[in-house]
Amino acid sequence: MKFSICNLGCKVNAYEAECVASDLTAQGWLRVPFEEPADASLIFTCAVTNMAAQKSRKMMHQARRRNPDSIIMMVGCYSQINDGRLEDADILLGSAHKKDAVKYLNEFLQNHEKIRVLDLAAEVPFEPLVTDTFENRTRAFLKIQDGCNQFCSYCVIPYARGRERSMDPDTVIQQVQRLSSAGYPEIVLTGIHTGRYGKEYGVPLEELIRRILQETDLQRLRISSIEITEITDAFIALMKNEPRIARHLHIPLQSGCDRILHDMNRPYTTDEYYARIMQIRKEIPDIAVSCDLITGFPGETDEEHAATCAFLRRCEFSFLHVFPYSARENTPAAARKDQIDPRVKKKRAAEAAAISAALAENYARSWTGREASVIWEEEKDGFVRGYTSQYLPVITTGPVQAGRPVKVLLKEYRDKSVFAEAYDETD
Ligand code: SF4
């Protein structure tokens, strides 16, 4: 039997798609590209904006047209929202039972009756989806948390993925050791709201990380992203004393204007955000801080956008992920009457992206002449690429020691890259 997968949306969705693909492969299914004929087409849907939902529907119709006899299985956030526009799908699998995807495919093959699995009870347990197959043989991902209780006014995730829940700490340790033994020198702990890990176990994220570092031989641990309100003093102290934790924090900002942050239902002010990153930098001077930003939130004025731009420069981020605000049905922000003209949103996003490019260059240049810890990855066209602990992309002409962190000297910034001189010593 052949299957194909199309993944839309965030990295967590991509991770889950790979986990389900691993399960199918383990049961003897053969993966083919999405464009090719298959017995089952799996679409990992996204609901983050109306556009993302529309794209999920488009992929469903495309798959049906291209492969009329294929089983169409729609999985994830948009399936869970279930707005009645995915009725053509044979299987709708929401956010709670992705681990059983293979079972539902087999059920459909036997009965040919539509399947809907959309229960998402408040107390739904964490589903441990794991794989050890990643495109990049250096960096593995492990999803340790799902769901969100925060209800930011623009976001549909708490409805699509349900309440917060986490992988139990012992399973995390086992999985980290398994991935490390499989040869991954770096693991990224990921989730929807990773900083809220472990509430049900009374084990905060820093406690989990401490255990991982003590009980496994993992060489580098990275955290995908963390909210500013969740970076505790204990977390900073642990990072400071543990060089195996990557010196990079991605801390969503979303706006550099207090009125907009308030309207977004984000639980901090710009002063609080700034004070915290300054404290982090004081304790861990070699840390990189990056962020997410939304431009053109309803009601955002030109002055407020200008204030945001000034704040971005002041924070000296190492890079930004910029998203023009995009309405999502059934969220408070989408119901507002003061939506911003799409051209203005785009223009503001382009301005923020230009600031990001300038900040990224400044940040990269600030590392020239310094030593850094790099894990080398792929070799292409005579150049080897890798990332420093700060997630700074670097290149060298080699030869290199791959598969473990090594010290390098960062020589010069050229053509948007930092050139490194590879040493042979272990980090
Ligand atoms: S913290 Fe806010 S933006 Fe992030 S998933 Fe939760 S509700 Fe959405």
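Analyst: Happy to! A residue is near a molecule if its C-beta atom, placed from the backbone, lies within 6 Å of it. Please keep in mind that this is a predicted model.

User: Thanks. Which residues are around the ligand?

Analyst: The 6 Å cut-off, taken from C-beta atoms placed from the backbone, decides which residues are near a molecule. With that cut-off, the residues around the ligand are C148, Q150, F151, C152, C155, I157, P158, I192 and H193.

User: Which phi value does H112 have, and is H112 buried or exposed?

Analyst: H112 is in the loop between α4 (101–111) and β6 (115–117). Although H112 is not a glycine, its phi is positive, at about 55°. There are 9 C-beta neighbours inside 10 Å of H112, so this residue counts as exposed.

User: Let's turn to the helices. Are α7 and α8 roughly parallel or roughly antiparallel?

Analyst: Helix α7 (residues 205–215) and helix α8 (residues 233–241) have axes that come within 9 Å and cross at roughly 25°. Angles under 35 degrees count as roughly parallel. The crossing of α7 past α8 is left-handed. The two helices α7 and α8 are therefore roughly parallel to each other.

User: Which residues make that contact of α7 with α8, and how do they divide by class?

Analyst: From α7 come L205, E206, I209 and R210, and they meet A234, F235 and L238 in α8. Sorted by class, the contact of α7 with α8 has 5 nonpolar residues, no polar ones and 2 charged ones.

User: How are α6 and α7 oriented, roughly parallel or oblique?

Analyst: Helix α6 (residues 169–181) packs with α7 at an angle of about 40°, and their axes are 10 Å apart. Roughly parallel would need an angle under 35 degrees. In passing α7, α6 makes a right-handed crossing. The orientation of α6 and α7 is therefore oblique.

User: And which residues of α6 and α7 meet there, with what classes?

Analyst: P169, V172, I173 and V176 are the α6 residues, and they meet L208, R211, I212 and E215 of α7. By class, the contact of α6 with α7 is made up of 6 nonpolar, no polar and 2 charged residues.

User: What about α11 and α12: which orientation do they have, and which residues make the contact?

Analyst: The axes of helix α11 (residues 302–315) and helix α12 (residues 342–366) come within 10 Å and cross at roughly 15°. The two helices are therefore roughly parallel to each other, and their crossing is right-handed. The contact is made by H305, C309, L312 and R313 of α11 with R348, E351, A352 and I355 of α12. These residues divide into 4 nonpolar, 1 polar and 3 charged.

User: Where does D341 lie, and how far apart are the C-alpha atoms of D341 and G296?

Analyst: D341 lies in the loop between β14 (320–324) and α12. With 9 C-beta neighbours inside 10 Å, D341 counts as exposed. Along the chain D341 and G296 are 45 residues apart, and their C-alpha atoms are separated by 8.2 Å.

User: Which residues is P252 in contact with, leaving aside its neighbours within four places in sequence?

Analyst: P252 is placed in the loop between β12 (248–250) and α9 (258–263). It has 17 C-beta neighbours inside 10 Å and so counts as partly exposed. Beyond its neighbours within four places in sequence, P252 is in contact with S225, E227, C291 and D292.

User: Last one: is V408 buried or exposed?

Analyst: V408 belongs to strand β18 (residues 406–414). Its C-alpha atom is separated by 9.2 Å from that of T388, 20 residues apart along the chain. The cut-off for a buried residue is 20 or more other C-beta atoms within 10 Å. V408 has 25 C-beta neighbours inside 10 Å, so V408 counts as buried.

Note on methods:
Residues numbered from 1 in each chain as written. Predicted model: local features only at pLDDT ≥ 70, side-chain atom pairs only at ≥ 80, totals over all residues. Axes fitted to C-alpha atoms, helices over the stretch in contact; angles between N-to-C directions. Helix = DSSP H or I, 4+ residues; strand = E, 2+ residues; numbered from the N terminus. Parallel < 35°, antiparallel > 145°, perpendicular 65-115°, else oblique. Left-handed = near helix turned anticlockwise from the far one by under 90°. Contact = placed C-beta atoms within 7 Å. Nonpolar A, V, L, I, M, F, W, Y, C, P; charged D, E, K, R; others polar. Buried ≥ 20, exposed ≤ 12 C-beta atoms within 10 Å, placed from the backbone.
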